[in-house]
Amino acid sequence: MAKGKRAGGAKGTKITLKMAKNALRVTPDSKLRLDLSNVGIATFPNCLLKLRNIEELDLSRNKLKIIPEFIGQLTGLRWLDLHSNQIEQLPESIGLLGFLLYLNLCNNNLDSAGLSPEIGSLRNLQVLNLGMNRLNALPPTLATLTNLTELGLFDNLFTQIPECLNVLPNPMKLNTKRNPVSYTARRGAEGKSCLRGRSLRKNNFSGMISPNSVARGNQENWRQQTTSSPPSFQKGQARPVGDTNTLSFMNNLYT
């Protein structure tokens with residue numbers, strides 16, 4: 001089988017260095033971006049170690065289960081999208097991505113044991129999407145992410161609001177919809193559930209999709225539909241100019 005062709009089965013698509021280089025693009029704001037979304041990848045491409053100057057990496061809608069420790073060597077990353085894979089655990093080296101501003105882990109198989117406490121080392125992180133996983137707690141180290149402006153926790157297994165959220169910036173946009181939360185906190189004057197003054201009923205916001213009420217039941221079916229028959233990897237194929245929101249396609253699914 002020729003290099004770069006889909007190997008089938010669990011092996012998935014093999015991404016070569018040449019293919020990765022052909023997929024590199026410069027964004028309108030002059031960032032070096034590598035888009036390998038929805039191409040059937042089951043193993044994190046080792047060739048990315050030779051592209052350490054990339055600033056934006058999109059590996060969403062693939063079949064990744066394991067994120068290797070060497071991801072910590074991609075220290076130039078500002079933007080990392082891993083949504084809609086099958087990831088069960090984050091490596092400790094995730095904390096080495098000190099310049100990361102955006103991290104999307106929505107729609108994976110993460111439970112609380114798999115969410116490495118080292119995520120608290122991402123002090124510059126502004127947007128974190130953990131929606132549609134299996135989380136029932138957050139590591140206390142999340143309290144150090146004081147630059148967060150958006151946090152997605154929707155469609156998880158939280159029965160109470162994590163204490164670490166109390167010290168995060170109050171203006172932060174927070175999405176906690178569709179969790180089995182037991183609201184023991186006092187009711188606000190307008191009927192809003194509050195925790196030390198923080199409103200838990202937030203509007204939708206950019207970058208954090210809020211799927212409808214049947215999203216959890218359809219999650220695996222949807223993932224299979226979007227990853228089982230990935231498009232052929234075409235040389236020169238690029239995202240439309242100016243399209244920097246990799247979750248925009250999901251808005252059509254959930255509206």
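Analyst: What follows goes from the sheet to its strand pairs, and then to the salt bridges.

This is a predicted model, in which local features need pLDDT of at least 70 and side-chain atom pairs count only at pLDDT 80 or more, while totals for chains, interfaces and linings use all residues. Residues are numbered from 1 along each chain as its sequence is written, and side-chain values use heavy atoms, with hydrogens and water left out.

Start with the sheet. It is open and holds 8 strands, in the order β1-β2-β3-β4-β5-β6-β7-β8. The pairing is mixed. β1 (24-26) and β8 (173-175) are the edge strands, and each of them pairs on one side only. From one strand to the next, the twist averages 10°. Angles here run from 0 to 180 degrees between N-to-C directions, with axes as lines fitted to C-alpha atoms. Strands are DSSP runs of E with at least two residues, numbered from the N terminus. Two strands pair if DSSP finds at least two bridges between them.

β1 runs antiparallel to β2 (residues 32-35), and 3 bridges join the two strands. Here Arg25 stands opposite Arg33 in β2. The two strands form a hairpin with 5 residues between them. In the turn, Ser30 has a positive phi of about 70°.

The next pair has another sense. β2 and β3 (residues 56-58) are parallel, with 3 bridges between them. Arg33 has Glu56 as its bridge partner in β3. Further along, β4 (residues 79-81) and β5 (residues 102-104) also run parallel, joined by 3 bridges. Leu80 has its bridge partner in β5, namely Leu103.

Next, the charged side chains. The structure holds 4 salt bridges. A salt bridge is a side-chain nitrogen of Lys or Arg within 4 Å of a carboxyl oxygen of Asp or Glu. One of them joins Glu56 and Arg33, whose closest N and O atoms are 2.8 Å apart. This pair links distant parts of the chain: Glu56 sits in strand β3 and Arg33 in strand β2, 23 residues apart. Glu56 and Arg33 are both buried. Buried means under 20% relative accessible area, exposed means over 50%, and partly exposed lies in between (1.4 Å probe, protein chains only).

Arg33 has a further partner. Asp58 also forms a salt bridge with Arg33, and here the closest N and O atoms are 3.9 Å apart. Because Asp58 lies in strand β3 and Arg33 in strand β2, the pair ties together parts that are 25 residues apart in sequence. Arg33 counts as buried because its relative accessibility is 6%. Asp58 counts as buried too, at 1%. Together, Arg33, Glu56 and Asp58 are linked in a network of salt bridges. Asp58 also reaches Ser60: their side chains are joined by a polar contact of 2.7 Å. A polar contact is a pair of N or O atoms within 3.5 Å; within protein, one must be able to donate a hydrogen and the other to accept it, and residues adjacent in sequence count only if both atoms are side-chain atoms.

Last, look towards β8. Arg178 and Asp155 meet in a salt bridge through their side chains, at 3.1 Å from N to O. Arg178 lies in the loop between β8 and β9 (194-195), and Asp155 in the loop between β7 (150-152) and β8, so the pair ties together parts that are 23 residues apart in sequence. Arg178 counts as partly exposed, at 32% relative accessibility. Asp155 is buried, with a relative accessible area of 3%.

Conventions: Helices (H or I, at least four residues) and strands (E, at least two) are DSSP runs, numbered from the N terminus.
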